Amino acid sequence: MPNKQLNLEWNEVKKKSSLSKKERSLLALATTSLDHAYAPYSNFKVGASILLTNGKMVGGSNQENAAYPMCLCAERVALSAAASEHPNVPIKSMAITVKAPNQIIDQPAMPCGSCRQALCEQEFRQKKPIKLVIRGEKGPIYIFKSAKDILPFSFDASFL
Ligand code: THU
């Protein structure tokens, strides 16, 4: 029985100041977007921002609902806003940051499974990878070359 392995590569940037100028401004937009979160139930705020290949940036934040399962994640809000406002413009990168009510998150808070799937759908659609720049409230920044990297064995339209 062959023993198979998966190798995951990402970059860890210790400080915001070591990011490129574009990445810094994308992360700054994610942080601003946090303030637009509607999170009265979890008090956990998430900001996501998207850089498009035409240079435009789009932000999104989590939007909760008293009917809890209806809560919308920041990443998918940003993806939908980008697709609606800039149809068919490929996405270059997404930055994500969070703010928790009772602790300082000092590690990157990774997107949930559904958001990973939505990001992979967009990559499949645009046939180009989406770079991810992920940071907690402070601390190191993880950079992944593609959303696919954080959703191995993903399901996509090629199976249909
Ligand atoms: N949340 C996101 O916005 N993105 C994720 O990837 C994980 C979770 C939001 C949903 C909810 O409003 C709050 O964080 C707590 O789960």
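Helices (H or I, at least four residues) and strands (E, at least two) are DSSP runs, numbered from the N terminus. With that in hand, find E23, which lies in helix α1.

A word on the model comes next. This is a predicted model, in which local features need pLDDT of at least 70 and side-chain atom pairs count only at pLDDT 80 or more, while totals for chains, interfaces and linings use all residues. Residues are numbered from 1 along each chain as its sequence is written, and side-chain values use heavy atoms, with hydrogens and water left out.

**The sheet and its helix**

Strands of a sheet pair through backbone hydrogen bonds, either parallel or antiparallel. Here, two strands pair if DSSP finds at least two bridges between them. Six strands form an open sheet in the order β1-β6-β5-β4-β2-β3, with mixed pairing. At its edges are β1 (11-13) and β3 (57-61), each pairing on one side only. Look also at β4 (residues 91-99) and β5 (residues 131-135), which pair in the parallel sense over four bridges; I96 stands opposite I134 in β5.

Helix α1 (residues 21-34) lies across β2 (45-52), β3, β4, β5 and β6 (141-144). It runs at about 140 degrees to β2, where axes are lines fitted to C-alpha atoms, for helices over the stretch in contact, and angles run from 0 to 180 degrees between N-to-C directions. Contact means heavy atoms within 4.5 Å.

Is E23 buried or exposed? E23 counts as buried because its relative accessible area is 11%, and buried means under 20%, exposed over 50%, partly exposed in between (1.4 Å probe, protein chains only). Leaving aside neighbours within four places in sequence, E23 is in contact with K131, V133 and I143. The side chains of E23 and K131 are joined by a polar contact of 2.5 Å. A polar contact is a pair of N or O atoms within 3.5 Å; within protein, one must be able to donate a hydrogen and the other to accept it, and residues adjacent in sequence count only if both atoms are side-chain atoms.

**The ligand**

| Residue and part | Ligand atom | Distance |
|---|---|---|
| E64, side chain | oxygen | 2.5 Å |
| E75, side chain | nitrogen | 2.8 Å |
| C112, backbone | oxygen | 2.8 Å |
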